[in-house]
Every structure is written in structure tokens, then in C-alpha cells.
Amino acid sequence: MEFMLNSCNRKEIEEALSWGIVRGITMNPSMLGRSGGSFLETFKQIRAMTDVKVFAQVVAEDPQGILNQGRALASLGDNIIVKVHTNINGIKGMQLLKSEGIPVCATAVHSVIEALVAGAVGADYVAVFVGLLAEVDGNDSNQLLTDIHRAYTESRFSTKIMAAARTVNHLVHSATIGIDAATSPFSIWSNFLNNIHTRNRWNAFSSDWKKAFGDRTWATELSDKR
């Protein structure tokens, strides 16, 4: 599974990249709008930070506008994936971008049908918003991922499925059924890597060591012996 960070905050991105597991940065228009300043400069700075995949969304509503904006984004680097909204004009725009060899991600997908259409037009990624589904209604978001994965397997689509995950359950379920990628905000990733049981066990190890050996460590002992 490819781990993605959903953020346009440079400090968050720098920290997450330092973990060595992040394979992509995703962002959306709302996120960039909240960041303030020049969205282009913000994006250029993020692009300059890393060679991992960077996903950015066009905001045009017509196919030609989607193509024009997608071309502009793609000109900023070979690792750019153009996100396009999954509606009729978006599907047309995706095909125009693909005809020019520009990688695309069908985004804001909330149903199997939308995912199937994205796969049929050859989108490189399809971003399934399971987090939003889980928050606003009673739909089984894990079942949606399962159904999309099964449909893609039957149809033999090469499109990669990306879960926009907001819980540990989303991430684990996605991994266990073979979902290709998952993107989550920095706050969620921090929670993923801050398990209370793991933290308590480390605190116990650290406390026991200090009671027995104080500030002495493997490195200091070896240094003293030399």
C-alpha cells in the first residue's frame, strides 16, 4: 500500500517525509483556500520539497478548462497527478488529459458506479472518500471499498484505488483487502503512530532501564570500554 499525506502545510509535509514512508502528497481546493497567500507559490514550494507524487486538483468545470489547468499543473513537474472531479465534464476532461499523457486521479468518489467510470476511462487513481461517508450518514464505507475492489478485479482495471481514510479501521480494512493507497491528514497519521499500548510499553521499558542503569546506554558503555 502507498501511504499518502493529505496536507498542504509545509511543516506537516516536512515532518511526514522524514518518516520515510510517505509516497505521495494529496491536497484539495478547500485546503489550499484555507492556507492563504499564493496557492501557486505554496504548491511550488511543496513540489520543491520532494520527488514523491504530488496530487493537485483543477477547479475548472468544463472539459477544455480541465485540460488547460491540468496542462499547467503537469508543467510543474514529472511527479504531478492531476485530480479531477468525478462528474460528466470531469470524465471528459480526464480523457483529454490522458490523451496527452498527463496522469489523473478521479476524486471525490462516493459510489461504485463513479469508480467504475473512472476505471473505464483509464484514470491512474480513483480517490474514494470513505471518511466523509462514515461521518455524514449510515453507509458502510468499508463495504464500499470492498465492492469497488471486487469490481475492479472483475473488470481488470489498472486504476489504483486510493482510500481517503480518517480512522484506523479505514486504513486496516483497506490494507487487508488490497487497496492500493491511502491518504490521511497529518493529525490522523499522528494518531495511527501513537498507540496507547505501544506508548505505555515504551514508558515502562524506559523507566526500568533508567532505574537499573541511569543515563548509561549501549553507546556510552562501548565508548568507555575503548
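Reader: Let's start with the largest pocket. By class, how many nonpolar, polar and charged residues are in its lining?
Author: Keep in mind that this is a predicted model. The lining of the largest pocket has 12 nonpolar residues and 3 polar ones, with no charged residues.

Reader: Okay, and which residues lie nearest the centre of that pocket?
Author: Those are Leu32, Phe39, Gln57, Gln69 and Leu73, out of 15 residues that line the largest pocket.

Reader: Good. So what's the angle between α4 and α5?
Author: Helix α4 (residues 63–74) and helix α5 (residues 88–99) pack at about 45°, and their axes are 8 Å apart. At that angle α4 and α5 are therefore oblique to each other.

Reader: Which residues make that contact?
Author: From α4 you have Pro63, Gln64, Ile66, Leu67, Gly70 and Arg71. On the α5 side they are Asn89, Gly90, Lys92, Gly93, Leu96 and Leu97. By class, the contact of α4 with α5 comes to 5 nonpolar, 5 polar and 2 charged residues.

Reader: Left-handed or right-handed, the way α4 passes α5?
Author: Right-handed.

Reader: Now α1 and α3. How do their axes cross?
Author: Helix α1 (residues 10–18) and helix α3 (residues 39–49) cross at roughly 10°, with axes that come within 11 Å. That makes α1 roughly parallel to α3. The crossing of α1 past α3 is right-handed.

Reader: Who meets whom there?
Author: Arg10, Ile13, Glu14 and Leu17 of α1 meet Thr42, Gln45, Ile46 and Met49 of α3. Sorted by class, the contact of α1 with α3 has 4 nonpolar, 2 polar and 2 charged residues.

Reader: Last one: α6 and α8. What's the crossing like?
Author: The axes of helix α6 (residues 112–120) and helix α8 (residues 141–155) cross at roughly 35° and come within 10 Å. This crossing of α6 and α8 is right-handed.

Reader: And which residues of α6 and α8 meet?
Author: Val112, Ala115, Leu116, Ala118 and Gly119 in α6 meet Leu144, Asp147, Ile148, Ala151, Tyr152 and Ser155 in α8. The α6 contact with α8 has 8 nonpolar, 2 polar and 1 charged residues by class.

Key
Residues are numbered from 1 along each chain as its sequence is written. This is a predicted model: local features need pLDDT of at least 70, side-chain atom pairs count only at pLDDT 80 or more; totals for chains, interfaces and linings use all residues. Side-chain values use heavy atoms; hydrogens and water are left out. Axes are lines fitted to C-alpha atoms, for helices over the stretch in contact, and angles run from 0 to 180 degrees between N-to-C directions. Helices (H or I, at least four residues) and strands (E, at least two) are DSSP runs, numbered from the N terminus. Angles under 35 degrees count as roughly parallel, over 145 as roughly antiparallel, 65 to 115 as roughly perpendicular and the rest as oblique. A crossing is left-handed if the near helix is turned anticlockwise from the far one by less than a right angle, and right-handed if clockwise. Contact means heavy atoms within 4.5 Å. Ala, Val, Leu, Ile, Met, Phe, Trp, Tyr, Cys and Pro count as nonpolar, Asp, Glu, Lys and Arg as charged, and the others, Gly among them, as polar. On a 1 Å grid over the protein atoms alone, a cavity is a set of points where a 1.4 Å probe fits but cannot get out, and a pocket is an open set with protein on both sides within 12 Å along at least five of seven lines; lining residues have an atom within 4 Å of a point.
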